[in-house]
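Take a look at the protein below. Then read on for a short tour, from the whole fold down to a pair of strands.

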Amino acid sequence: MAYTDRVKQILSWYPSDSPGTLTNLARLLNTGTLAGTGKLVILPVDQGFEHGPARSFGPNPAGYDPDYHAQLAIDSGCNAYAAPLGFLEAVAGKLAGEIPLILKVNNSDTLAKVPNPMSAVTSSVKDAVRLGCVAVGYTIYPGSGARNEQYQDLRDIIAEAKSYGLPTVLWAYPRGALSKEGETGIDVIAYAAQISAQLGAHIIKVKPPQDFLEQPEAKKAFEKAGIATKTMADRVREVVRSAFNGKRIVIFSGGESKTTEDLLAEIKQIHQGGGFGSIMGRNAFQRPRDESIKLLKDVMNVFAGKA
């Protein structure tokens, strides 16, 4: 399809990138129901690795099969499907470009309780190229004592990915030396978005920010600048602004399971605040298939301005 003015505008925000990287970024923006709108809804299924199979797929046993998720992403009209190496190796040869794939190149599990969380690099940029992916995904934990090593590993991965013409989607999940409330506090989430943009991420994934300020210094700064935090739309607006004044794509996770009503209310607030979309896993694939497809389509309608 011809690029819309909105897609052209977004691509202009990445002037140092090669034609190959920009083409793959454009493929993400020009696929699925939201093609051409500048909005994204991505289905990520890394939860089997991250949380275990029963916790992830027990509510909907069809999800134990990697084929199920890829087809769900296609049938619901998602922009892309993101997963670790094993799940993508199980489907990439069958899909042959039906939907853009994102390889999650690092992962962690919940079996070890460690003071300084850090995901292991579990696949490579070359794996992403071999599987025909349009991007790589990586997780950082701002606030972890191991964050510097994560940032340094990420720099090498982004540089290698760019050499192959692949953009990077960065999961930025603050944890470690933070309170539980602070992990999703507005000051911390906005800071994580800024760090992600500074590290060179093309697309930044964060959790929806809550009306809580973790850092005393940030609290003073928010109050002095008069930054609104009361509504989710206010907070999303500040997170997006923190990613280069909205010149980096910021999408928001679906988080833990919610009722459909609560989830769509949150999506509407994210849309009103200028969020670029949603990357929704458990809230989609843990529902029965027909319900999942309807939910994802309803989310897309919100971001398309139809609901």
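## From fold to strands

Start with the contacts. Of those in the protein between residues at least 6 apart in sequence, 72% link residues at least 24 apart. Keep in mind that this is a predicted model.

The protein holds 14 helices and 10 strands. How does its radius of gyration fit a compact globule, and why? A compact globule of 307 residues would have a radius of gyration near 19 Å, and the protein has 18 Å, so the two agree. Its C-alpha atoms fill a box of roughly 55 × 45 × 40 Å along the principal axes.

Here are some whole-protein values.

| Feature | Value |
|---|---|
| Buried residues | 55% of the 307 residues |
| Accessible surface | about 12,800 Å² |
| Carbon and sulfur part of the accessible surface | 52% |

Now the charges. The protein carries 34 positive and 31 negative side chains. The centres of these two sets lie 5 Å apart.

Next, zoom in on strand β8, residues 203-206. Which way do its side chains point? Ile203 and Lys205 point one way, while Ile204 and Val206 point the other way. In a regular strand, side chains alternate between the two faces of the sheet. Are these four residues of β8 buried or exposed? All are buried, Lys205 included.

Strand β8 has a partner. Strand β7, residues 168-172, pairs with β8 in the parallel sense. Three bridges join this pair. Across from Ile204 in β8 stands Leu170.

How values were computed
Residues numbered from 1 in each chain as written. Predicted model: local features only at pLDDT ≥ 70, side-chain atom pairs only at ≥ 80, totals over all residues. Heavy atoms only, no water. Helix = DSSP H or I, 4+ residues; strand = E, 2+ residues; numbered from the N terminus. Rg over C-alpha atoms; globule rule 2.2 N^0.38 Å. Buried < 20%, exposed > 50% of the residue type's maximum accessible area, 1.4 Å probe, protein only. Contact = heavy atoms within 4.5 Å. Areas by Shrake-Rupley, 256 points an atom, 1.4 Å probe, with all protein chains shown as cover. Lys, Arg positive; Asp, Glu negative; His and termini not counted. Charge placed at Lys NZ, Arg CZ, Asp CG, Glu CD. Pairing = 2+ DSSP bridges.
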